[in-house]
Amino acid sequence: MVPAYFDPSSNSQAWSSLNSAATTLPNRIVAIANPSNGPGSAAQSSYQNVITALQRQTGLVIGYVSTNYSNRASNLVQDDVDTWYRFYPTINGIFFDEVANTDGKQPYYQSLYNYVKSKNSSSLVVNNPGAPTLETYLFYNGSRVADVICIFESGVGGLSMTQSSWTSNYSRYNFYALFYNVTDVNVSSFDYGDVIDRAYQQNVGWVYVTNDSLPNPWDTIASYFSGEVDYIKNDNQC
């Protein structure tokens with residue numbers, strides 16, 4: 001699952017890399033599209049083209065929406081969801097960013113989950129607190145709040161990432177981790193292979209690792225992305 005925060009009109013090669021990855025890992029590549037901190041003000045043919053191309057290769061594309069840790073009015077968040085589905089009708093779901101992880105905000109996010117599912121019941125809903133969270137942000141009162149939760153997003157501490165104990169009760173594919181500032185696999189002391197292995201050992205099923213860095217580590221694809229894809233394909237833990 002790749003934060004594809006790069007414009008296809010100026011970085012078509014990165015999107016081509018995602019298409020290639022989808023042929024190597026069928027049904028396992030998800031791109032998070034983000035034209036302008038959300039869907040933007042107008043549909044762009046360049047985005048529709050890359051969405052269609054990746055879907056043809058069994059990949060999925062989901063749209064970025066910020067929630068500002070539940071401080072953003074839910075009707076405004078829903079407006080962004082509506083815009084994604086209006087501009088790009090084949091979009092495969094929504095990635096909610098800046099998600100709260102403290103008790104009391106679960107109904108806000110469960111309502112958004114249900115709203116996305118009302119658009120298309122097969123839509124993928126990914127919530128990103130970027131840190132450990134409560135079990136009730138996966139299921140609340142017996143119903144889903146998210147299909148996938150991103151429980152780690154950092155440029156440090158990749159090899160010490162530790163899941164909350166409750167996560168062991170669920171399939172790894174409920175959990176996602178994002179690592180940036182990670183060196184190439186040729187560096188034996190610390191590399192993307194080590195980080196991928198750590199994620200899988202911690203019951204994380206969705207992983208993306210990049211050597212890109214702040215202020216925006218998602219504005220281009222990892223320089224070693226093809227190697228990362230091959231590593232995941234060939235790693236018996238993955």
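User: Helices here are DSSP runs of H or I with at least four residues, strands are DSSP runs of E with at least two, and both are numbered from the N terminus. In which loop is Thr58 found?
Analyst: This is a predicted model. Thr58 is not a glycine, yet its phi is positive, at about 75 degrees. As for its place, Thr58 is found in the loop between helix H2 (45–56) and E3.

User: How many helices and strands does the protein chain have, and what is its radius of gyration?
Analyst: The secondary structure comes to six helices and ten strands. For 238 residues the globule rule gives 18 Å, and the chain's value is close to that, so the chain is as compact as a globular protein of that length. Along the principal axes, the C-alpha atoms fill a box of roughly 50 × 45 × 30 Å. The radius of gyration is 17 Å.

User: Which are the edge strands of the open sheet that eight strands form?
Analyst: The order of the sheet is E1-E2-E3-E4-E5-E8-E9-E10, with parallel pairing. An edge strand pairs on one side only, which leaves strand E1 (2–4) and strand E10 (206–209).

User: What is the bridge partner of Val30 in E3?
Analyst: Strand E2 (residues 30–33) and strand E3 (residues 60–66) run parallel and are joined by four bridges. In E3, Val30 has as its bridge partner Leu60.

User: At what angle does helix H5 run to E10?
Analyst: Helix H5 covers residues 192–201 and lies across strand E9 (175–179) and E10. Helix H4 (residues 106–119) lies across strand E4 (93–97) and strand E5 (124–128), running at about 155 degrees to E5. For H5 against E10, the angle is about 160 degrees.

User: What volume does the largest cavity have?
Analyst: With a cut-off of 30 Å³ or more, a search of the whole structure finds one cavity. Its lining is made by Val99, Ala100, Asn127, Pro129, Thr133, Tyr137 and Ile149. The volume is about 30 Å³.

User: How many nonpolar residues are in the lining of the largest cavity?
Analyst: Tyr and Pro count as nonpolar in this classification, as do Val, Ala and Ile. The lining includes Tyr137 and Pro129. By class there are no charged residues, two are polar, and the nonpolar residues number five.

How values were computed
Residues numbered from 1 in each chain as written. Predicted model: local features only at pLDDT ≥ 70, side-chain atom pairs only at ≥ 80, totals over all residues. Heavy atoms only, no water. 1 Å grid on protein atoms, 1.4 Å probe; cavity = no way out; pocket = protein on both sides within 12 Å on 5 of 7 lines; lining within 4 Å. Points joined across faces, edges and corners; volume = space filled by probe spheres on them. Pairing = 2+ DSSP bridges. Contact = heavy atoms within 4.5 Å. Axes fitted to C-alpha atoms, helices over the stretch in contact; angles between N-to-C directions. Rg over C-alpha atoms; globule rule 2.2 N^0.38 Å.
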